[in-house]
Amino acid sequence: MLTVDEFQDILSQLKVRFADLRMHRTQSTTFVLKDGRAEELSTGVHQGISLRVLDRCWGFAYSTTTEKLREMLAYAARAAALGEGKVSLAEVSPKSYRGEVKAKQSPASLGSEEKLEILMRAHSAAEEHEGVASVTVSYHDAMVEFRYCSTEGAEIEVRYPWVSLQVQVVARDGGELQHAQERAGGVAGLEVLGDVEELAERACERALRLLRAKHSPAGRMKVVMDPKLTGVFIHEALGHAAEADHVLRGESVLAGMLGSTIAAEQVSIYDDPCIEGSPGYYLYDAEGVAARRKALVERGVLRAYLHTRETAGAMKQEAEGNARAQGYAFPPLPRMSNTCMQAGDAELEEMLECARRGVYLCGSRGGEVDTARGVFQFSAEEGFLIEGGELTTPLRDVSLSGETLEILRRIELIGRRREMHPGYCGKDGQLVPVGDLAPALLTTANVGGRV
Amino acid sequence: MTPAGALQRISEQGFEGEVYVLECMRFRLEYSAMELRADAGYERGFGVRVLGGGRLGFGYSTHLETAVERALEIARCSAKAELEFAAPESYPEAKVYDRSVEALDVEQGRELLMQAVHACSEHATPTQASMSWACTRREVYNTSGVEAEQRSTEVGVHVMAVAGNASGIHFASARSLGKVSFAEVGRRAGWLAKSSKNASGAPERVESVVLKPVAVAELLEHVLVPAFSAENVQRGRSMLASKLGEQVFCENFSLYDDPTLPFSAGSCSFDDEGVATKRKALVERGVLRAYLHSLLTARRAGESSTGNAFRSSYASQPEIDATNLVVSGGGGAEEDGALVVHGLIGAHTANVVSGDFSLETRNAFYDGTPVRKAIIAGNVYEMLSTASFGSDAEEVAGVLTPSMRTESLRVTG
C-alpha cells in the first residue's frame with residue numbers, strides 16, 4: 001500500500017480546489033457455526049484506496065490497485081468538471097494524528113481453535129433447549145487500518161479492532177417455526193462479547209416464547225418500548241431525519257425546525273461517537289474531522305443536524321465528525337455513530353401501570369423510515385399485552401408505525417436504565433456499525449397486528 | 001500468481017481447490033438538489049476454497065497468494081464438509097453483456113440520468129436520482145478442471161420524488177441499456193408522488209388488497225425465496241420442508257427461477273461455484289416442484305446442484321439465491337374495492353421463517369384516492385393459497401410478476 005508521502009505526492013499533482021485520500025485495510029476472520037458444524041470459516045484481507053476530488057462537483061474514485069486508481073481518477077476528474085459549482089466545504093482545522101485503539105483482549109491473542117471454542121459454548125447453551133430446531137452462531141473479528149490525508153494538510157492514521165458475535169435460533173413446534181437472534185459487538189476486543197452463553201439463552205427463550213405467542217391487537221394504543229426498541233426508534237425515526245443530506249434534499253420532516261420544540265420536554269437525544277468500546281466508536285471520521293458528542297434534541301428542542309463537511313458548508317453550520325463510509329469503495333455520507341437518549345426516572349412497573357392497557361414491545365427485527373413524510377415502520381421482535389397495568393400474553397409479529405414527531409411529543413415517561421445495542425445501519429447501499437443507547441419509554445402509537 | 005498457479009500450489013499441499021475471481025468496474029452518477037456527484041471504482045479480488053480430508057477453508061484477498069495461504073491455514077480448523085467442487089460441463093449461452101454499457105462515458109451517463117430527472121419533474125420534484133453501470137468479469141477455476149469465465153454488464157436507475165408531503169420511488173436494473181427506460185422510471189416516481197398528495201386515512205374494513213408488481217416482488221424476494229433455499233430446508237428453517245410434490249399454494253400461482261431471460265438483472269450462464277444455470281419450475285399451479293441448491297446442499301440431499309450458489313463479493317462464500325424470478329398466474333387482479341399498494345416499507349423486517357409480515361405500505365390508493373397510511377398484515381403462505389393474479393406482468397430488477405389480489409390480509413390505518 002501507499003505511504004503517506006506517496007499519498008501527498010498524488011494529491012499534489014491534482015489541480016483541483018480540494019482533494020483527499022483514504023486507505024482502508026481490513027484483516028478479518030469470520031466463523032459461522034451452523035448447527036454446531038464449523039463449515040464456514042474464512043479469513044482474508046480487504047484493502048483499497050479512494051480519492052475524492054472537488055472541482056465543480058465531487059468526483060470519487062476507488063481501486064484495489066494503485067495502477068487502476070489513476071484510470072478511475074481520470075473518469076472522476078472529468079465528471080467533477082460537470083457540476084454547477086454548488087459545493088462549499090465547512091472549514092475545519094486539519095489534524096495530524098497517529099494512534100491505535102487498543103483491545104483489552106486482542107482477538108490475535110487466541111488461535112482459531114480457541115475462538116471456535118467460544119462459538120461452541122454459545123451453540124451448546126442454545127442447543128440444550130427443547131424445541132430448538134436450528135442454531136447459527138456467527139463470529140467476526142477484524143483489525144482495521146485507516147489512513148486519511150487531504151490537500152489541506154490533514155494526516156491521520158488509526159488502527160482499531162472490531163469483534164462481534166451473533167446467535168440466531170429457530171424454534172419449532174409441529175409445523176410452526178419462529179426465530180430470534182441476539183448480538184454483541186463493538187470497536188473493542190473479545191471482552192465486548194460478555195457472557196455468550198447468556199446471549200444464546202436469551203435468543204432461545206425468545207424463539208420458544210414466540211411459538212406460544214398470540215397475534216397482537218391492532219390500532220392506536222399505549223405502547224411501552226423496551227430499551228432496545230427505543231434505541232431503534234430514535235435511530236430510525238429521528239436520527240435518519242436529522243441527517244443533513246436528507247434535510248437539504250427536502251426529504252426530512254425536520255427541515256427548518258432547528259430551535260423548534262419537536263418532542264416532549266423530558267426528551268434529550270445525542271449522537272456520541274466517543275463512547276469507548278461501543279459499536280459506533282471512532283476518533284476521526286471519514287473526512288479526518290475529530291469525532292465529538294453533540295445534542296440533536298435537548299429538552300425537546302431540535303438542536304442540530306448530522307453533517308459532512310459538504311452539508312455543513314451548505315447550511316453554514318459546523319462539521320462535527322459524522323462523515324462515515326463503509327470502506328474505501330464508498331464516499332462519506334452524513335451518518336449516525338451511537339444514538340443515545342438521556343435516561344428518565346421511571347421504573348418499568350410505573351410505565352406499565354400508567355399505560356394500564358396496551359402493548360409492551362421488545363427489540364426490533366429492523367425497520368424503515370420515510371424521512372420526507374416523517375413516517376416510520378418497524379417490526380418488534382416480540383411483545384406482551386399490558387392488561388390492568390401488568391404484562392400478560394406474549395405477542396408476535398407486531399409492527400409499530402406512526403409519525404415520528406407525534407410519537408416524540410406523546411412520550412409520557414422515560415425509564416431510568418439504559419442499554420447499548422449494536423446494529424448495522426444501511427443508507428445508500430452502505431452499511432456502517434452503529435450503537436443505540438436508550439431507556440424504555442411510554443408513548444402512544446399505531447400497532448399493526450392481525451387480531 | 002495466476003489461478004492455474006494457485007491451483008497447483010493447493011494441489012501440492014494435498015488439497016483440492018477452487019479459485020473465484022471477480023473483477024469489476026463500477027460507475028455511478030447521482031443527481032440531487034445538492035449537486036451532481038460521480039463515482040468510479042475498480043475492484044479485483046480472489047476468493048479461494050480449499051478442501052483436504054473433507055475440511056473446507058475459505059480465504060480471500062486482493063492478492064491471490066494471500067487468499068491461497070489464508071484458505072490453507074483456516075482449513076485446518078474446520079469441520080468435515082461434504083463438499084465436492086463442480087465438474088466441468090458446458091454452459092448455456094446467456095445474454096448478459098451489452099457492449100454499449102461498456103462504451104458509456106460520463107457525458108452520456110449524465111444525459112440518460114437527466115432523461116429520468118426531466119420525466120420526473122413533469123409530475124413532482126426529483127429529490128435524488130442516480131444511475132449506475134458496471135462491467136464485470138467473473139471467473140471460476142477448480143482442480144476438477146472447471147474453467148469458467150463470463151463478462152457481464154449492469155445498468156441501474158433509481159429516482160426519488162417529492163410532491164407536497166408525499167413521496168414516490170421507482171427503479172429499474174438490467175444487463176443492457178435497451179432494457180432500462182430512464183424516462184419511464186422518472187415518470188413513474190414523479191407520478192406516484194403527485195398522485196399520493198392530499199391523502200386521507202385508511203378506509204374502514206377493507207377486505208381486499210391488490211399488490212402491484214413492485215410490492216409483490218418485494219414480498220417474494222424477502223419472505224418467500226428464503227424458504228426455497230435447500231439449506232433452510234435441510235436445517236428445519238423452511239415452511240416448505242418435506243412438501244415437494246404437494247399442493248402448497250393455490251392453482252393460480254406458478255413460480256420459476258429463470259437465469260435465461262435476456263439481459264435481466266439475475267441472468268448468467270453459471271453460478272459462483274462454476275455450475276451451469278438453468279430455468280426451473282419452483283411452483284407449478286400451486287404444487288411445490290423444487291428447491292434451490294448449491295453444491296453442498298445438493299450433495300447432502302443426494303441430488304445435483306441447481307446452479308443457485310452466488311457470492312455477494314469475492315470475500316463472501318457462496319450462498320443460495322434465486323437468479324431471476326418469474327411469476328405466472330391467473331384469476332385476475334381487479335382493483336375495484338381493493339386497497340391498491342404500489343410498494344412496501346421494510347419488507348426485510350418480515351418473519352422469513354414463518355412467513356408472517358406486518359408492513360407499512362408506500363403509495364397506497366383506495367378507489368383512486370391516495371391513502372396516507374396503511375399497514376397490511378398477514379402470512380405469505382396463507383396469502384398465496386388464495387391469491388389471484390392480473391395480466392399486467394412487469395419486470396422489476398430481476399423479478400417478472402403481475403399484480404396480485406388477495407383477501408387474506410388485514411389492513412389498519
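A: Let's start with a term. A polar contact is a pair of N or O atoms within 3.5 Å; within protein, one atom must be able to donate a hydrogen and the other to accept it, and residues adjacent in sequence count only if both atoms are side-chain atoms. Across the interface of chain A and chain B there are 36 residue pairs in polar contact, with both residues at pLDDT 80 or more.

A word on how to read this: the model is predicted, local features need pLDDT of at least 70, side-chain atom pairs count only at pLDDT 80 or more, and totals for chains, interfaces and linings use all residues. Residues are numbered from 1 along each chain as its sequence is written, chains are lettered from A and ligands numbered from 1 in the order in which they are written, and side-chain values use heavy atoms, with hydrogens and water left out.

Now the interface of the two chains. Here 87 residues of chain A touch 83 residues of chain B, where contact means heavy atoms within 4.5 Å. The size of an interface is often given as the accessible area lost when the parts come together. Chain A and chain B bury about 7,100 Å² between them, and 51% of that is on carbon and sulfur atoms. Buried area is the accessible area (1.4 Å probe) that two parts lose on being put together, summed over both.

Charged side chains take part too. A salt bridge is a side-chain nitrogen of Lys or Arg within 4 Å of a carboxyl oxygen of Asp or Glu. Four salt bridges cross the interface of chain A and chain B. B:Arg235 forms a salt bridge with A:Asp35, and their closest N and O atoms are 2.8 Å apart. On the side of chain A that touches chain B, the largest share comes from β2(A), with 11 residues. By class, that side of chain A has 28 nonpolar, 33 polar and 26 charged residues. In this sorting, Ala, Val, Leu, Ile, Met, Phe, Trp, Tyr, Cys and Pro count as nonpolar, Asp, Glu, Lys and Arg as charged, and the others, Gly among them, as polar.

Two strands pair if DSSP finds at least two bridges between them. β2(A) pairs with strand β3 (residues 55-61) of chain B in the parallel sense, over three bridges. In β3(B), B:Phe58 stands opposite A:Ser42.

Next, compare this with the contacts inside each chain. Chain A is assigned domain 1 (4-212) and domain 2 (215-448), and such bounds come from an automatic or database domain assignment. The centres of domain 1 and domain 2 of chain A, taken over C-alpha atoms, are 22 Å apart. Between these domains of chain A, 46 residues of domain 1 are in contact with 39 residues of domain 2. They bury about 3,400 Å² between them, 57% of it on carbon and sulfur atoms. Seven salt bridges cross the interface of domain 1 and domain 2 of chain A. A:Glu382 forms a salt bridge with A:Arg209, with 2.6 Å between the closest N and O atoms. There are also 14 residue pairs in polar contact across this interface of chain A, both residues at pLDDT 80 or more.

Chain B is divided into domain 1 (3-194) and domain 2 (199-413). The C-alpha centres of these two domains of chain B lie 22 Å apart. Their contact takes 47 residues from domain 1 of chain B and 35 residues from domain 2 of chain B. Domain 1 and domain 2 of chain B bury about 3,600 Å² between them, 57% of it on carbon and sulfur atoms. Seven salt bridges are counted between domain 1 and domain 2 of chain B. B:Arg188 and B:Glu394 meet through their side chains in a salt bridge, 2.6 Å from N to O. The polar contacts between domain 1 and domain 2 of chain B come to 22 residue pairs, both residues at pLDDT 80 or more.

How values were computed:
Helix = DSSP H or I, 4+ residues; strand = E, 2+ residues; numbered from the N terminus.
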